[in-house]
Amino acid sequence: MNWKKSILLVLAGLVILVSVIFVVNGIKMVTANQPGHTDFTEGLMLLIPGALMLVAAPLITWRMFSLDWFQIKIDGDLCCPECGYNMAGLSATKCPECGNEFTIDQLKHS
Ligand SMILES: [Zn+2]
């Protein structure tokens, strides 16, 4: 778990929280008023976007997690400082050849 994922989770949590508040208030306003009343319409304006966000937020979050959007991409000709294995294109900084793990800076300056 890196900090970007933590931020994403916090943001997703906030969006879901706001969506729930929208939906709850929307339902209250819709059920307490007759169709055609201003508050009924306003309730729908809360309920519909709230419900959409409630569905969309977990989907988008899941999608971002499933894509390797947050993974470190090693590009160019980066070789393992220990054994010289070409680590280009790997999404980890651990050398598959010798098993040594490096930071991205160590790799870039090797
Ligand atoms: Zn190596």
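1. A word on burial to begin with: a residue is called buried if 20 or more other C-beta atoms lie within 10 Å of its own, exposed if 12 or fewer, and partly exposed in between, with C-beta atoms placed from the backbone. By that rule, Ser19, Phe22, Gly26 and Met29 of helix 1 are buried. Of the protein's 110 residues, 10% count as buried.

2. Please keep in mind that this is a predicted model, where local features need pLDDT of at least 70, side-chain atom pairs count only at pLDDT 80 or more, and totals for chains, interfaces and linings use all residues. Residues are numbered from 1 along each chain as its sequence is written.

3. On confidence, pLDDT (the predictor's confidence in each residue, from 0 to 100) averages 84 over the protein, and 85% of the residues score at least 70.

4. The protein has three helices and zero strands, taken as DSSP runs numbered from the N terminus (helices: H or I, at least four residues; strands: E, at least two). The length of helix 1 checks out: its 30 residues should span 44 Å at 1.5 Å a residue, and the end C-alpha atoms are 43 Å apart, which agrees. The expected span here is 1.5 Å times one less than the number of residues.

5. Do look at methionine 64, in helix 2 (residues 38–66). Methionine 64 counts as partly exposed because it has 15 C-beta neighbours inside 10 Å.
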